[in-house]
Structures are given as structure tokens and as C-alpha cells.
Amino acid sequence: MPFEIRACSELASSDMERFLNANVLSFNNLDWFSPDERFTEPGCFAIVEERQIKALLAATPECLPAAWLRFFYSQRDGEHTRYFNLLLSQAKSTLRALGAQSLYSLAPYDWMEKLLRGNGFKTADKVVTLQRNFSEETITMTSQNIIIREMTNRDIKAVEAIDKAAFEPTWQLSRESLSRTYHRSTWHSVALLEGEIVGYQMSTSAFDSAHLARLAVDPRWQRRGVGHRLVQDMLETFSAMGVRSFSVNTQASNVQSLSLYHAFCYEREDRDILVMEMDIKF
């Protein structure tokens, strides 16, 4: 019986969960949404043969015209290249119809990079990880004009506007993703200048470690110490909780962010992840 490509929304979630829990070849993007939360989205497809799932792939928009490859899972039967090519082709058609022009993916494994390059993806950037130890001193900057307060759910609209102004579409988050980040973060704060929200940060924590998940400053207010004060406040808040190590991810091309984190004694670790891009306009 030949296999068929099905939208994940047409399949039983229990069957897909069972497949994911098996010993499958897997790739996951850095994502605030779990795979099962992506199943109903356009761009999520499965290969099914004799009622058995062979592979799953999700490629969905974040902020148009950019889309991201969210995950790929395949049975370990030696056919993962064929599965990937077929599912990606189906997903690209859906993305074009939605208005996506570029598809991005991380390539944390050699086999994943090979699949991507085989489909025309090219290197676009790198995601770098930086680490800071608790014992290192915090560089203090005071400004009576910059006010830092805890973010509330009512701030999400302003946060979304800052996010869109601060980042290119590739790196922007949708309001839904920002809301998800907010609800899953441990400490979230906004910076105010002249009564206006001009920057924000959202960070997570686990045991004695904290991760700065998102930081953005309105370009109109950059280079006035806003990002510095947000990071400083985050470090002080978590240090008071007993956190001893801090991490952050950014792009290798984001010189301004790297400079900020280096000022706080973050050091770049040797585990860069390739960011790859494919033009899907045609």
C-alpha cells in the first residue's frame, strides 16, 4: 500500500504522541510551543503508510514573510531523507499560500544540515550561547530617568510593538508567542522612559540557573542604557533568589547584543548553531 501525506490536524493526536515517544530520529527548533501544540497549524504534515506514521514535519510562519521549520521526526528506517524532502515540499506550498517568502531552520546536527543543504538552504547566521558565572561582578549603571518594573499581561501590546521595531521579521515573535513566553518566564520586566515602555526582558530559571530568553529595546531609545538596566535588574533579581549561573542566546551577527553581554562578563561558549535560510517565493 503506498504512503500518503496527511495534514497533522487530520490525524489522531494520540497516534502522533505515540510516534513521538518512540525511538525516532528527531529535530526540534528552539520553540515556546510543544510539538502537539503545532499539530493543528497549517504547514504541519505527516507521512502515513498502512495507518502507521513514518515521519512528521512542521514549518509554520512566525511573523510573515518569515517562517521557521519547527520540527522533523522520522522512523529510523533509512528513509528519512526521502520523508524530509516530500514533507518539506508539501509544507512549502502551504507557506507560499500563506504569504511566506523565506523559510529558516536551525541546523544543530550534521544530518540536519545535510538535509537542509540538499534542499537548497544556505547559511544565514549562527545562534551563539553565552554564559556568566554568579561570582563575577555586576557592572552597575544608575539612571533616574529609566524605571524598571515587573511586566504585566496588559503590557503585551506595547511589548509586541517594541519587538517588531527592534527585530527583522526573521527574529520577531508573534503576539501569541510573546504571550506564551510571558506566561512561562520566571521574571519579566519592562523599562520606562518619560512614562513610555521602551524595552522589555523575559527570563526563565531552573534550580540555580537562569536564561535570558528575550530582550528588546525600541530603536528610538537605544544607546541610552535601557538594555543595560534591564539586564542589570534581571541579574540582581535572580541573584537574590540564589541563582548562580546565567545564559543567553543571540545571533553572531548581532554585534550590539554581544557587546552588551560581554560588558556583563558573559563569555561565548563553543556551541554555535547554524541558522539556514531558503527562499520560497517561487
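How many disulfides does the count come to?

1. The count comes to zero disulfides, where a disulfide is a pair of cysteine sulfur atoms within 2.5 Å. C8 is in no disulfide, and its nearest cysteine sulfur, that of C44, is 3.1 Å away. As a reminder, a disulfide is a covalent bond between the sulfur atoms of two cysteines.

2. A word on what you are looking at: this is a predicted model, in which local features need pLDDT of at least 70 and side-chain atom pairs count only at pLDDT 80 or more, while totals for chains, interfaces and linings use all residues. Residues are numbered from 1 along each chain as its sequence is written, and side-chain values use heavy atoms, with hydrogens and water left out.

3. Now try C63: its sulfur is 19 Å from the closest cysteine sulfur, in C44, which is too far for a bond. C63 is buried, at a relative accessible area of 6%, and C8 is buried too, at 1% (buried means under 20% relative accessible area, exposed over 50%, partly exposed in between, with a 1.4 Å probe and protein chains only).

4. Next, the rings. The whole structure holds seven aromatic pairs; rings of Phe, Tyr and Trp (its six-membered ring) pair if their centres lie within 6.5 Å, and planes under 30 degrees apart count as stacked, over 60 as edge-to-face and the rest as tilted. The ring centres of Y261 and Y266 are 5.6 Å apart with planes at 65 degrees, so this pair is edge-to-face. Y261 is buried at 4% relative accessibility, and Y266 is buried at 2%.

5. Elsewhere, ring pairs join F39, F71 and Y73 into a cluster.
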